[in-house]
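I opened my notebook for a quick walk through this fold. Have a look alongside me, and we can compare notes.

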Amino acid sequence: MITDRLASLRGAYAGRLLTAPEEMAPFLVDWRKLWRGDALGVVQPTTTAEVAALLRWAHETATPVTPQGGNTGLSGGSVPGPGDAGLVLSLARMNRIRAVDPVNNTITVDAGCLLAKVQGEAEAAGRFFPLSLAAEGSCTIGGNLATNAGGTGVLRYGNARDLCLGLEVVTARGEIWDGLRGLRKDNTGYDLRDLFIGSEGTLGVITGAVLKLHPAPAARVAAFAAVATPHQALGLLQLAQNRLGPALTGFELISSLCLQLVLRHVPGARPALEAEAPWCVLIEVTDLLDEARALDALEDVLGRALEDGLVSDAAIAASIAQTKAFWALRENVSEAQGAEGKTVKHDVSVPISSIGGFLDGALAALARLHPDVRPVVFGHLGDGNIHFNVSPAAGDAGESLLARQGPINRIVHDLVAAHGGSISAEHGLGVLRRDEAEHYKTPIEMGLMRAIKRALDPIGIMNPGKLLRLEPPARP
């Protein structure tokens, strides 16, 4: 019956309903190639009205729908499941910049706009959109909002949620909610915007957004600093925050193994410091008016840190090209790790004050229980988000590592929970962390989430199987 009714969709979405296996293939596998699914077809609407019509059809026929942006997620949330008899709703063709308002410091965009395109439009208007991710050339704004993406600028500017003022959403029933309001203050009831941000397409489809812009900085200055331990890195963070305030826009922690992998696998990569250190910190300072002032401020912080014994060496970028090269060392860690074999990834957050204790405990436990593996640790120290990844021993493709993924996850995530943290800081739950969330969240939290899901998607067609199960599994 459903396949017969696809004929009506062909007319409505002429040339934009893909059903041939070779056409659908790129939409049915995730970026990490860990999850592969099935679908009746892939639909590519160009307007919000077309999305609404499709969801009305899906609701009437009880057809599952998997919303998809750039398909760059790391938790399997953007592809359908195996044996799925539903549709993939690709927003890639909804990529218009609807409006730029430099006085209100907002930009209104379609959900399918690439993040890099939004950054470029903001720059052309003399403004700055600060969300920055390694995948910014291929990820979309709708996906960024659906997963509440983080990135490297959270310390200063916040997550995607903090950069969004209003949304346009199509509900599971095919109704259009126009919440595209460029307001900083709107205290008129429940915040529906925040309900859909971070919902991973399980409540409705984000089709448009009003995003915050900021004044464009006149200068970006970066530095690498060598530290002996994460505890010293936290001391440097506190010093930098006290002396730089909002001018401090980036503070990244990187282990020595991360840099070794980048230098080994990324062509053109060069070390930032002469001598290797157990840990490094990448610091970025911006200034709205003057590069010299930013340099002076950064030099002052690093000079004081050297005097206090917090850092053993430091190098400040001497040019824009060198600043980009410093950031490339950080942003290429994931790619370099992938070249070493299979990977077990953990995207966690803990209170900033607990980072040192968490890392001490996790590294010690891993060395004791799984001494052959290699922790690849890096992350956004300034906002408490650590990517505690694990690679196999050198020369090992990683199959034995994947066989131990469950016990390794439990080591890391139990310590995260003990420190009052979260097992997903910016990647979302998807299917990767969906069931683990049941173990670490309280029954009250899970019950409230299920109540919201049932209220907004009563027949369960929106991205089924992602973020939460409608019936709770047995607790471990």
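What is the order of the strands in the open sheet of 4 strands? I read it as β1-β2-β4-β3, with mixed pairing. β1 (17-18) and β3 stand at the edges with a single partner strand each, so one side of each has no neighbour in the sheet. My strands and helices are DSSP runs numbered from the N terminus, with at least two residues (E) for a strand and at least four (H or I) for a helix. I call two strands paired if DSSP finds at least two bridges between them.

Housekeeping: this is a predicted model, where local features need pLDDT of at least 70 and side-chain atom pairs count only at pLDDT 80 or more, while totals for chains, interfaces and linings use all residues. Residues are numbered from 1 along each chain as its sequence is written, and side-chain values use heavy atoms, with hydrogens and water left out.

**Entry: inside the open sheet**

I looked up the partners of β4 (residues 87-90). β3 pairs with β4 in the parallel sense over 4 bridges, and P67 has L89 as its bridge partner there. β2 (residues 41-43) also runs parallel to β4, joined by 3 bridges; here V42 has V88 as its bridge partner.

Next I checked where the side chains of β3 (residues 65-68) go. V65 and P67 point one way, T66 and Q68 the other, and all are buried (under 20% relative accessible area; exposed is over 50%, partly exposed in between; 1.4 Å probe, protein chains only). In a regular strand, side chains alternate between the two faces of the sheet.

A62 has a positive phi of about 55 degrees although it is not a glycine, and its relative accessibility of 49% makes it partly exposed. I noted a positive phi of about 55 degrees for N105 too, again not a glycine; N105 lies in the loop between β5 (97-101) and β6 (106-110).

**Entry: strand β12**

How many of the 9 residues of β12 are buried? I find 8, so to speak a mostly covered strand (residues 219-227). β12 runs antiparallel to β14 (residues 279-287), with 9 bridges, and F224 stands opposite L282 in β14. β12 is also antiparallel to β15 (residues 313-316), over 4 bridges; A223 has I316 as its bridge partner there.

**Entry: D372**

I found D372 in the loop between α13 (355-369) and β17 (374-380). D372 is partly exposed, at 33% relative accessible area. Beyond its neighbours within four places in sequence, D372 is in contact (heavy atoms within 4.5 Å) with P392, A393 and R404. The side chains of D372 and R404 make a polar contact at 2.9 Å. That term needs a pair of N or O atoms within 3.5 Å; within protein, one must be able to donate a hydrogen and the other to accept it, and residues adjacent in sequence count only if both atoms are side-chain atoms. I also noted 9.3 Å between the C-alpha atoms of D372 and L401, which are 29 residues apart along the chain.

**Entry: Y190**

Is Y190 buried or exposed? Y190 is exposed, with a relative accessible area of 81%, and belongs to the loop between β9 (176-179) and α7 (192-196).
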